[in-house]
Amino acid sequence: MSAVYRVDLDALARNLARVREAVAPAAPMLVVKDDAYAHGVEPIVRRAVAEGVRWIGAFDVATGAAVRRIAGPDVRIFVWLIGGRDDLAAGVAVDLDLGIGDEALLADLAGLPVEHPARVHLKIDTGLHRNGIRPERWEAALAQTSALVADGHAAFEGIWSHISEASDADDDDARAVFLAARETARAAGLDPRFSHLAASAAGFARGEFREDLVRVGAFSYGIRPAGGPSEGELGIEPIGRLSATVTAVDLAGVHLDIGALHGLPSTLAGRFDVLTPEGPRRVEAIGPTDTVLAPWADAAPGDEIALFGPGALFGVTDLAELIDTIGEEIALRISPTVPRVYVSAHA
């Protein structure tokens with residue numbers, strides 16, 4: 001196959017510098033879930049650590065363990081999808097920070113053999129209901145956590161939550177629940193070293209939400225929010241470019257050997273243009289393994305066409321808006337079968 005996903009690690013470094021500036025004085029946590037938003041976790045983590053990133057959000061324990069192998073011992077790695085006792089044991093073994101939003105996990109932690117205390121960040125459900133301790137159960141969870149700290153099973157590291165980022169009013173309500181939960185924890189003798197509530201959008205736009213850490217995923221990769229400010233307004237740039245070469249020209253049009261099975265949504269057919277040697281041409285059809293473009297004079301096999309990203313007419317969020325989704329979905333759909341090529345002046 002000719003399709004390739006080029007990932008600009010220097011652009012990543014510039015984005016990380018911009019993130020650090022935007023969320024200061026909070027520390028940025030680079031989120032690398034879903035194979036670093038399909039950009040490839042190993043090269044992304046290696047460059048991020050070289051650029052001074054010291055907190056990484058790895059989502060699940062398996063990813064966290066992989067990040068630990070890549071990043072070494074000096075980086076804090078936060079995970080929050082924890083399946084039970086075995087996951088807890090695996091996370092503690094590689095010194096992960098554990099985001100716990102379930103009283104059952106606290107009970108599981110109490111039953112683990114103690115080698116060193118688990119780093120616990122307790123999650124309060126602020127209304128999103130993705131997970132987290134319900135406010136009416138918060139004091140009971142704090143009591144469990146206090147017992148774990150007292151017997152050496154846990155070190156109480158933080159309080160955290162997710163917010164919807166759907167409206168300022170909803171987020172303000174969520175923050176009020178978060179702040180109240182933190183005060184209750186402090187009154188119970190549990191003073192968090194770290195508080196974290198905001199992700200990319202709130203971390204950039206609302207200083208009062210930054211707390212000690214800001215979990216930044218999409219913006220680090222140059223993916224702007226649907227319906228939100230542009231990349232230029234945010235000061236970020238896309239790091240991934242999907243391209244393919246012309247494989248055939250016939251009466252149906254100009255063919256590229258990339259399609260829906262490689263991650264290009266078929267619903268985008270007829271909705272966007274790509275830049276060709278003779279100007280913009282419409283993407284007319286997206287089949288399972290084949291994309292057909294409107295023809296141009298002298299089209300020939302080997303012509304390289306950028307579908308999205310730097311040098312293309314559209315970015316991932318531009319395409320997402322055409323089909324009522326978000327830019328992260330377009331990026332995450334790119335199949336692992338599409339080769340990743342890493343570009344850097346430091347290589």
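A pocket here is an open set of points on a 1 Å grid over the protein atoms alone, with protein on both sides within 12 Å along at least five of seven lines, and lining residues have an atom within 4 Å of a point. The model is predicted, so to speak of local features takes pLDDT of at least 70 and side-chain atom pairs count only at pLDDT 80 or more, while totals for chains, interfaces and linings use all residues. Residues are numbered from 1 along each chain as its sequence is written, and side-chain values use heavy atoms, with hydrogens and water left out.

The space in the largest pocket comes to about 880 Å³, a volume being the space filled by probe spheres set on the grid points, which are joined across faces, edges and corners. Helix 9 (200-205) is among the elements that supply at least two residues of this lining, and with five residues helix 9 gives the most. By class, 22 lining residues are nonpolar, eight polar and 10 charged. The second largest pocket, of about 200 Å³, takes three lining residues from helix 5 (residues 85-93), its main contributor. Its lining includes Leu109, Glu115 and His153.

The largest cavity has about 90 Å³ of space; 14 residues line it, with Tyr221, Ile223, Pro238, Gly240 and Val316 closest to its centre.

Helix 7 (residues 138-150) makes a handy check on geometry. At 1.5 Å a residue its 13 residues should span 18 Å, which agrees with end C-alpha atoms 18 Å apart. Trp138, Ala141, Leu142, Thr145 and Leu148 of helix 7 are buried (under 20% relative accessible area, 1.4 Å probe, protein chains only). These residues cover an arc of only 120° around the axis, which puts them on the same side of helix 7. They pack against helix 6 (103-110), strand 6 (118-123), strand 7 (154-160) and helix 8, with contact meaning heavy atoms within 4.5 Å. The face turned away from the buried side carries Glu139 and Ala150, both exposed (over 50%).

Definitions and conventions: 1 Å grid on protein atoms, 1.4 Å probe; cavity = no way out; pocket = protein on both sides within 12 Å on 5 of 7 lines; lining within 4 Å. Helix = DSSP H or I, 4+ residues; strand = E, 2+ residues; numbered from the N terminus. Nonpolar A, V, L, I, M, F, W, Y, C, P; charged D, E, K, R; others polar. Expected span 1.5 Å × (residues − 1). Arc of directions from axis to C-beta.
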